Amino acid sequence: MTELPKSTQKKLGLVIDLDTCVGCHACVISCKGWNTENYGAPLSDQDAYGADPSGTFLNRVHSYEIQPAEGAAQLIHFPKSCLHCEDAPCVTVCPTGASYKRTEDGIVLVNESDCIGCGLCAWACPYGAREMDQAAGVMKKCTLCVDRIYNDNLPEEDRIPVCVRTCPSGARHFGDLGDPDSAVSQLVKERGGVDLMPEQGTKPVNKYLPPRPKDRMPEIDVLAPFLAPVDQGAKGFLGWLDRTLDKL
Amino acid sequence: MTHKQPVLDLSPPVSDEIRKTTCYMCACRCGINVHMKANADGDMKVAYIEGNRDHPVNKGVLCAKGSAGIMQHNAPARLRKPLKRVGERGSGAFEEIEWDEALQIATDWLAPLRATAPEKLAFFTGRDQSQSFTSFWAQNFGTPNYAAHGGFCSVNMAAAGIYTMGGAFWEFGQPDWDHTKLFMLFGVAEDHDSNPIKMGIGKIKARGARVIGVNPIRTGYNAVADDWVGITPGTDGLFILSMVHCLMKAGRMDLDYLARFTDAPVLVNGDATSPEFGLLLRDEAGKQLVICRKTGKLTAFDAPGVRPDLSATHTVNDVTHRPVFHHMAEKYLSEDYAPEAVADRCGIPAARIRAIAAEIARVAFDEAFELDHEWTDFRGDTHKTMTGRPVSFHAMRGISAHANGFQTCRALHTLQIILGTVEVPGGFRFKPPYPKPATAHPKPHCGVTPGKPLDGPHLGFVQGPADLALKPDGTPARIDKAFTWENPMSAHGLMHMVISNAHAGDPYKIDTLFMYMANMSWNSSMNTGGVMQMLTDKDANGDYVIPRIIYSDAYSSEMVAFADLILPDTTYLERHDCISLLDRPICEADAAADAIRWPVVEPDRDVRGFQSVLCDLGARLDLPGFVNDAGGQKYTDYADYIVNHERRPGIGPLAGFRGAGGTNTGRGAPNPDQLDRYIKNGGFFAHHIPEGAQYYKPWNNAYQDWAVQTGLFDAPQPYLFSLYVEPMRRFQLAAEGHGEHQPPDHLRDKIKHTMSPLPIWYETDQQGNEGFKVTALTQRPMAMYHSWGGQNAWLRQLHGHNPLYVPPKLMRENGLKDGDWARVTSPHGEITVPVLEMAALNENTVWTWNAIGKRKGAWALDEQAPEATKGFLLNHLIHELLPPKGDGLRWSNSDPITGQAAWFDLKVTLSKAAPPTESKPVIPKQKSPVPKAPKSLAWKIQ
């Protein structure tokens, strides 16, 4: 019901490194803080100190346990926010045009003054990346910190999304994924970055870098030469020691 | 609808002002930018908090806790005014009183104690960062009963590090993140030093370095580790010594490093008939003796040009004195430490132990590198380069909170040292004021004179039995029994034993228990239910067994309900603090650094910073150090103390901007503008170590000279690492019957066994309990700090639930499925809690998140909050004493060397339980001293 732009000049987005994300939720809370104080309505919390607290978050970290065919189970921390899809179903479903994709940079936003809070977009998004703010009655979503990345009131180095600025392990990267030479595009290329649920046909801009294989330390036959005994027993050892010290 | 875009303001104003201070959402001490905005009334309010890019600790990043600081600062649980108890203890019934009345009450209680029996005040502080100040206050009061929380936290790590190598992990050292190629991480609390470790892991993973995580639970850092070792809890020391065995057997050690910089070549008295058997040979000046490999002669270790011989022995009168290294070879080459011999107990296949040892050795020696920095060592030898061994380690509570934790931490340092990876490029590096050997620290003091200060600092590093804190009759001088034969090297005290001992009158009764920021009636105590009972117990006269309790906290914690007098503290954004070089500073390996907090907003409640209250109370009690020459209050508040207190002439709490005009660093007269200069500098001060002084610091003349100039110490103090901790041998000698200071007979065998001067591993007491074979642990969520986070509206949405995580095998064995409830039983108690299956877990271990469970009525949470209904503590299962042995004695559940609380020795059984309505035990609610919290939040300053 709402058209997407034919093309965008840039494809700004995030590259999230699942190999490095320790699941600390720093991005979740810095996002909550910034977006409570900035773009649009504050992110509210219902029953904040009660039995069933529930607030609006534009970014959440989920944790999944993986059991490989061989070896120990693994835990993957998976941060998820709007992926700023090229074919964003949340935009096309919007009955009022409140949801839109910016032509300049591809950021998907909600124009809160036009949002009627019908929730269709959240239903259409296959990633569950939009949340209705219960206090304001408008749809909230990741803005890619559109109020930071061009903001002349911020030092240049801070003109990045807060989640990227705050990430302690450096697992989050921001840039133009439409430019194959950009640092983020290069990173995606080097590390085999992937789309989330490509079968949905949404062409997400954000990319995920997969975890590197784990628990692959070679067993002893490869490493054995590194631990060949110098001699047998404490006596033999001391003989070796004397010989070795002579060479030092 | 065709595409349309509104016009956006892409450069909206961000805030009206940025105030830079230091975070206190955990003990990590990151620099923060507090964005302030004026509200409609023109009042400046905290709007947003981000990391300070210039700050040495966090370099701009900030964790979830730090970013949620605004919710802590505005939490409904904040106390508002001094409180006087009006109901029964524990009920939470208080009336609000004025500060004058509160301080008068405290003075009336404390002044008579000081005049007659200062030890009847027990003053213990929790997670503060002002120990050099609070200990100074306690010392001036004159009580021996002071410590902070280290005894129930990580004293094993700190003490083992300092006794072994003159520094420890976290505040006192860090991996060389820029050069390390293999990082091995043993159990850590992931809310500690959290941003630096995350930054470090990110940095090294980005360049493809390997991370090995050793932890029974694969969450957090262990989830991103390239290799995960799901070890059996409490066996880390055995695993490490097995790797030491492998490395020694293969000759994969840095022999040159061992010979030059450690006590490996120092000779050990081999005369079994001597009272000095097993002590190090020393010359008349007390210097350790080695054989010089060039001359073959017995020589002081630090003589110019000496080449200490790792192998040579010294025979006099048919007695052969062998070097420490011979003793190590004898001990660790034993097949008792072979991987095959330890694999089952550790839960790690022998081949894997060998593989890890081999990989460590490969990286340390085959990927060694040189940094082009010339340096001169304390013997006068000049080295053209600095050799890098790019293997680094980090560990914290996971290995230390066991009754064998001290020796385990020592074992880890031994591994580091034989690899030559301490204070070298790519390895582990100290942060100023470390390196600093144990011998350069004070010894404990306990000399009490009514009406006078204590005879010296409370805490310290004993060198032998003569240094214990014992009364002339041999009984403990301290209420926590620190520095006694039960735990001689208890460098941080035993806060976890204070309430229990005070209640038992063992070793004596006290009058007033004064605590700060320590939730001792809840998550910070073992045996939580029992402690609540002890705090409320009355004697035959109807008086409380612990007569008076004063408590200071900023929030309505569980402990508040048990105090008679509450001194409400400020939030961290409303106060002055100093993160001092005299205490636990924010230094980096390349720089001495300290920091302040300052009131970026004034309190809107009638609360006062606790340290400022102590300045006032100290003056009311006429404590020397807190009154001026005219008899008035010496420091108007903590800020005044921070600026004007001098510990030694020219040395004060803050190192930066000293002297007239603020041009001096380290040493200099007090500067009245010092705090302003800190504020202008972003809330911190950093003083960088010159390039040639940045590694090999304990032995590097350039560093030693820099440290003296900076005021860290007064003369160069090069020393050798102590693979062999001689003070431990002195305790063994006493246990063997030597010397005038003798342990009680019932402790002799334990001392002989556990006080091995070379690291050993031993089973902890609870391992053998019949039927209790499953280990039960807690982990700290990265987004929570102890019990504090639960009151935070944002953080509690991340971690408001704490199921018991159970591995698949135990789920099946007990017929459990997700959502079921289990009865968890230990030798001490029983809880009934919800369970959830988790596979990335040691197969014989269950665990839950720490301190999520809350008492109803605490923290301004609704009584139906999940934290208060389904949340639970493992603390109910852990007793502060070991199960009675039938000898009538109270055996502390602590490390026998340091007294560290053995939290992680807990063993349990599981069984399926009918679902109760709430987790058990159900603790009756406490009355909240603060108003009910709002239902909803939409926090925007406008």
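**Basis.** I worked from a predicted model, in which local features need pLDDT of at least 70, side-chain atom pairs count only at pLDDT 80 or more, and totals for chains, interfaces and linings use all residues. Residues are numbered from 1 along each chain as its sequence is written, while chains are lettered from A and ligands numbered from 1 in the order in which they are written.

**Chain A.** I looked up the secondary structure and found 7 helices and 11 strands in chain A; these are DSSP runs, numbered from the N terminus, with helices (H or I) of at least four residues and strands (E) of at least two. The radius of gyration (taken over C-alpha atoms) is 25 Å, well over the 18 Å of the globule rule (2.2 Å times the number of residues to the power 0.38) for 248 residues, so chain A is more spread out than a compact globule. Its C-alpha atoms fill a box of roughly 85 × 50 × 45 Å along the principal axes.

**Contact between the chains.** I noted 82 residues from chain A and 93 residues from chain B in the contact, where two residues count if their C-beta atoms, placed from the backbone, lie within 7 Å. Among the elements of chain A that each supply at least two residues to this side are helix H1 (26–37) and helix H7 (233–247).

**A sheet in chain B.** I then read an open sheet of 3 strands, ordered E26-E27-E28, with antiparallel pairing; strands pair if DSSP finds at least two bridges between them. Strand E26 (577–579) and strand E28 (684–688) are the edge strands. Strand E27 (residues 591–597) is joined to E28(B) by 5 bridges, and Ala595(B) stands opposite Phe684(B).
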